[in-house]
Amino acid sequence: MTTATLPSPALAAAWLRARATTLLDALVVGWIFAGGMVITEPSPYELAFLAVLGVSLFAGFTLRRSTLGLLVLFASFVPFAVIAAFQVRFSTIPDALIYQAVTIFLFFTSYWVANYVADAPQARMRLIIGAYLATALLSAVLGSLGYLGIGHELFTRYDRAKAFFNDPNVFGPFLVLPAMYVLQRVLLGTPRRAIWAALAYGVLVVGVFASFSRAAWGHIVISSAIVYVLVFVLEAHARQKVRMLLLAMTGLMMLAVAAVGILSIPQFRSFIELRTQSQTYDTGESGRFGRQGYAFDLALQHPLGLGPLEFRNLRVKEEPHNTYVNVLHAYGWGGGFVFILFIGVTLWRCATFIARPDPNRLLLIPLVAVFVPLAGEAAIIDIDHWRHFFLVAGLIWGVTAAYGRVDKRFGLAAPLP
C-alpha cells in the first residue's frame with residue numbers, strides 16, 4: 001500500500017465514529033431491555049449501562065447546553081449524598097456509600113439519556129421505546145403466567161405478579177410507560193397498527209392488574225386518562241376525535257364487562273377486596289401515614305441527614321414510604337432539596353413544553369402522562385432507586401431539549417414510537 005492510498009486520520013476517525021455510533025445504538029437497546037430484569041444486584045441494567053457509557057466515548061457523544069440544568073442538579077446532589085453516608089449509626093459506612101452510589105449512578109443515567117435523546121429525538125426514542133415495550137410485554141406475560149401458576153415461585157411474590165423484579169410494587173408501575181405509547185398508537189395510528197397496539201395495551205394492563213399494586217392500578221388509570229385528554233385536545237383532528245370518542249365508549253363497556261367477570265370469580269374477588277381495604281400498615285401511629293409525620297419531624301432535627309436505611313432502626317421498624325421525606329433522611333437537607341427540585345423542575349418542563357406545538361410533542365405526551373403520577377406516587381412509596389423513574393425523567397429532558405429539531409428521515413411529524 002502506497003502512501004497515497006493510506007486512509008487519512010480524518011477518514012479513519014469518521015469510520016470509527018460511525019461504527020461506534022451503530023454499536024452504541026445496539027447497546028442502548030440492550031440496556032433498556034435489561035431494565036425488565038432487576039432480580040439481582042447489581043442487575044444487568046447497571047452492567048449494560050457501563051458498556052453503553054464506554055462506547056459513547058468513541059461515538060461522538062455530545063453534551064448539550066440545553067441539558068445543563070440537569071447536570072447542575074446532578075453535580076449539586078453528589079456531595080450532599082456522600083456527606084449523609086457518614087451520618088449512619090446502625091448501618092456500616094460502606095453499605096451507606098453503596099446505597100448513595102446507586103442513587104448517584106441512576107441520577108447520572110438520567111443525564112446521559114437526556115443528551116442521547118436530544119441529539120436525534122425521533123430516531124432514538126423509537127429505539128428506546130421499542131426496547132422498553134419488548135421487555136415490558138415479556139415481563140407482563142411472565143408475571144401473569146406466574147400469577148396463574150406457571151413459574152409461580154419465580155415470577156410472583158405474596159401471590160402477586162412481579163416477573164423478574166423483586167417487588168410487585170415496582171413491577172406494576174414499570175409497565176405503564178410503554179402502555180401509554182401503545183395507547184397513543186391506538187388513538188392516532190392506522191387501523192391495522194391500532195389493533196396491534198390495542199392487543200399490546202391489553203397485555204400490559206393485565207400485567208399491571210396481576211401485580212395487585214393499588215398504586216400501579218391508579219397509575220395506569222390516571223396516565224391513560226392524561227394521554228387521552230392531551231391527545232384529544234392537542235393533537236387529534238376532527239375525524240380522530242370522533243374515533244377517540246367511539247373508542248372511549250367501547251373501552252368503558254369492555255372494562256365494565258371485564259370487571260363483572262373478574263368479580264364473579266371468588267378467588268379474584270376476595271383478593272381485590274383485601275387489596276382495596278385499608279391495610280394495617282397504612283393506619284395508626286406506626287402505620288404508613290403515622291410514620292411519615294414522625295419521619296418529617298426527625299428530618300428537621302438532622303440537617304446532614306440520618307444516612308440511608310437508618311429510619312427503620314429507630315422507633316418505627318419500617319421505612320416511611322414517602323420519597324419527599326426519605327430523601328431528607330438519606331441525603332440530608334441539601335441532597336433532599338436537590339432531589340425534590342429535580343422532580344419539580346422536570347414537572348415544570350412538562351407543563352411548559354407540552355403547551356407548545358412541536359413535532360416532538362407526540363414523543364412527550366406519554367412521558368408527561370407517566371411522570372406526573374410518579375411524582376404523586378412518590379408521596380406514598382420510595383422511588384429514589386426506581387430505574388424507570390430516572391429514565392422517564394431523562395427522556396423528558398431529552399425530548400424537550402430537542403424541541404424545534406426535526407429528523408429529516410421522518411419528515412415534519414414525529415413518528416409514534
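A salt bridge is a side-chain nitrogen of Lys or Arg within 4 Å of a carboxyl oxygen of Asp or Glu. By this rule the count comes to five salt bridges.

This is a predicted model: local features need pLDDT of at least 70, side-chain atom pairs count only at pLDDT 80 or more, and totals for chains, interfaces and linings use all residues. Residues are numbered from 1 along each chain as its sequence is written, and side-chain values use heavy atoms, with hydrogens and water left out.

**Exercise 1. Find the salt-bridge partners of Arg124, including Asp25.**

Step 1. Start with Asp25. The closest N and O atoms of Arg124 and Asp25 are 4.0 Å apart, and the pair forms a salt bridge.

Step 2. Helices (H or I, at least four residues) and strands (E, at least two) are DSSP runs, numbered from the N terminus. Arg124 lies in helix α5 (residues 121-148) and Asp25 in helix α1 (residues 9-33), so this pair ties together parts that are 99 residues apart in sequence.

Step 3. Turn to Asp119. Arg124 also forms a salt bridge with Asp119, with the closest N and O atoms 3.6 Å apart.

Step 4. Check accessibility. Buried means under 20% relative accessible area, exposed over 50%, and partly exposed in between (1.4 Å probe, protein chains only). Arg124 is buried, at 11%. Asp119 is partly exposed, at 29%.

**Exercise 2. Which parts of the chain does the pair Arg361 and Glu235 link?**

Step 1. Confirm the bridge. The closest N and O atoms of Arg361 and Glu235 are 2.9 Å apart, and the two residues form a salt bridge.

Step 2. Locate the ends. Arg361 is in helix α15 (residues 361-377), and Glu235 is in helix α10 (residues 214-235). The pair links distant parts of the chain, 126 residues apart.

Step 3. Arg361 and Glu235 are both buried.

Step 4. Look for shared partners. Salt bridges that share partners join Asp25, Arg64, Asp119 and Arg124 into one network.

**Exercise 3. Where do Tyr158 and Leu309 lie, and what are their phi values?**

Step 1. Take Tyr158. Its phi is near 55°, a positive value in a residue other than glycine. Tyr158 sits in the loop between β1 (156-157) and β2 (160-161). Tyr158 is exposed, with a relative accessible area of 59%.

Step 2. Take Leu309. Its phi is positive too, about 65°, although Leu309 is not a glycine. The loop between α13 (288-300) and α14 (323-354) holds Leu309. Leu309 is partly exposed, with a relative accessible area of 34%.
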